[in-house]
Amino acid sequence: MARIVVVEDNKASRELMTYLLSAIGHEVTVAADGEHGLSTIERQHPDIVLCDVQLPRLDGRQLVQKLKQHPTLKEIPVVAVTALAMAGDRENILKAGFDDYISKPIDPENFIIQIRDLLAKSRLTNGE
Ligand code: MN
């Protein structure tokens, strides 16, 4: 079980991710804009953050920059969840500071596999 914060302004996408992550046993907290996302991440200190790129108030790129400069939150993996066409390309996403990338529209089976792999990777990195 992991604690996951999902930052996504699109309600359908937010609900789908929450449903899938909960179904495989994770604890999910959602935020619908970047500023709320930041305060939620500060409060929750989750294992991983899934973050849309185009967000109201503070967009995903600004949010990940703040997190990566944050003394206690910078180690949390932040995964961009967005359509490639929106994001530019994968390289730009990684350059913006995101640790990884999941593409939209979300394919439930692929999404679950990607989350499992991301969590396994971050646990290896953290030596858990
Ligand atoms: Mn969005």
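Predicted model: local features only at pLDDT ≥ 70, side-chain atom pairs only at ≥ 80, totals over all residues.
Is the crossing of H2 and H3 right-handed or left-handed?

**View 1. Packing of helix H2 against helix H3.** The crossing of H2 and H3 is right-handed, and the contact is built from Gly34, Leu38 and Ile41 on the H2 side and from Leu63, Lys66 and Leu67 on the H3 side. Sorted by class, the residues in this contact of H2 with H3 are four nonpolar, one polar and one charged. Helix H2 spans residues 34-44 and helix H3 spans residues 60-68, and their axes lie 9 Å apart at an angle of about 25°. Because angles under 35 degrees count as roughly parallel, H2 and H3 are described as roughly parallel to each other.

**View 2. Packing of helix H1 against helix H6.** Helix H1 (residues 11-23) and helix H6 (residues 108-125) pack at an angle of about 60°, with 11 Å between their axes, and they are therefore oblique to each other. The crossing in which H1 passes H6 is right-handed. Met17, Leu20 and Leu21 of H1 meet Pro108, Phe111, Ile112 and Ile115 of H6, a contact whose residues comprise seven nonpolar, no polar and no charged.

Terms used: Residues numbered from 1 in each chain as written. Heavy atoms only, no water. Axes fitted to C-alpha atoms, helices over the stretch in contact; angles between N-to-C directions. Helix = DSSP H or I, 4+ residues; strand = E, 2+ residues; numbered from the N terminus. Parallel < 35°, antiparallel > 145°, perpendicular 65-115°, else oblique. Left-handed = near helix turned anticlockwise from the far one by under 90°. Contact = heavy atoms within 4.5 Å. Nonpolar A, V, L, I, M, F, W, Y, C, P; charged D, E, K, R; others polar.
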